[in-house]
Amino acid sequence: LTAPQPATCKELIDALGKAMHRPTIVPVPSFALRLAFGEGADELLICSQKLSADKLIASGYKFQHPTLESAARWVVAR
């Protein structure tokens, strides 16, 4: 599944940094992400996927957090 607002990995990290009130200037090397998150890093953080929520939207599905910013604030608040 995907959200209605497509985002690159950089946009996602920037939104999380903004929600946490922290800078996101320094990129993290791939090997460091793999050390911290194992195989999940490749699937969730490193690889790029081009996904669309068009079918969900067409079916009438309502997103609780339709924007990247609102989703990032929700994740950080948890």
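Helix α1 is followed by histidine 21, whose phi is positive, near 60 degrees. Helices here are DSSP runs of H or I with at least four residues, strands are runs of E with at least two, and both are numbered from the N terminus. Most residues other than glycine have a negative phi. Histidine 21 is a residue other than glycine with a positive value. It sits in the loop between α1 and α2, the latter covering residues 30-37. With a relative accessibility of 75%, histidine 21 counts as exposed. The classes used here are buried for under 20% relative accessible area, exposed for over 50%, and partly exposed in between, computed with a 1.4 Å probe on protein chains only.

The model is predicted, so local features need pLDDT of at least 70 and side-chain atom pairs count only at pLDDT 80 or more, while totals for chains, interfaces and linings use all residues. Residues are numbered from 1 along each chain as its sequence is written, and side-chain values use heavy atoms, with hydrogens and water left out.

Consider the chain as a whole. It holds five helices and zero strands, and from the N terminus on its elements run α-α-α-α-α. The C-alpha trace spans about 40 × 25 × 20 Å along its principal axes. Of the 78 residues, 12% count as buried. Contact means heavy atoms within 4.5 Å. Among contacts between residues at least 6 apart in sequence, 65% join residues at least 24 apart.

Now return to α1. Its buried residues are Ala15, Gly17 and Ala19, and these pack against α5, which covers residues 68-77.

Two packed helices are described by the angle between their axes and the distance between the axes. The axes of α1 and α5 come within 8 Å and cross at roughly 55 degrees. Such axes are lines fitted to C-alpha atoms, for helices over the stretch in contact, and angles run from 0 to 180 degrees between N-to-C directions. Angles under 35 degrees count as roughly parallel, over 145 as roughly antiparallel, 65 to 115 as roughly perpendicular, and the rest as oblique. The two helices α1 and α5 are therefore oblique to each other.

On the α1 side the contact is made by Glu11, Leu12, Ala15, Leu16 and Ala19, and on the α5 side by Leu68, Ala72, Arg73, Val75 and Val76. These residues divide into eight nonpolar, no polar and two charged. In this count Ala, Val, Leu, Ile, Met, Phe, Trp, Tyr, Cys and Pro are nonpolar, Asp, Glu, Lys and Arg are charged, and the others, Gly among them, are polar.

Two residues show the contact from each side. Leucine 16, in α1, is partly exposed at a relative accessible area of 24%. Leaving out residues up to four places away in sequence, leucine 16 touches Ala72, Val75 and Val76. Leucine 68, in α5, counts as buried at 14% relative accessibility. With the same exclusion of residues up to four places away, leucine 68 touches Gln5, Ala7, Glu11, Leu12 and Ala15. Leucine 68 and glutamine 5 are 63 residues apart in sequence and 6.5 Å apart in space, C-alpha to C-alpha.

The segment before α1 includes threonine 2, which is partly exposed at 22% relative accessible area. Not counting residues up to four places away in sequence, threonine 2 touches Leu51, Ser52, Ala53, Leu56 and Phe63.

Side chains of opposite charge can pair when their charged atoms come close. A search of the whole structure finds one salt bridge, defined as a side-chain nitrogen of Lys or Arg within 4 Å of a carboxyl oxygen of Asp or Glu. It joins the side chains of aspartate 14 and lysine 10, at 2.9 Å from N to O. Both residues lie in α1, residues 9-19, four residues apart, which is about one turn of the helix. Aspartate 14 is partly exposed at a relative accessible area of 28%, and lysine 10 is exposed at 56%.
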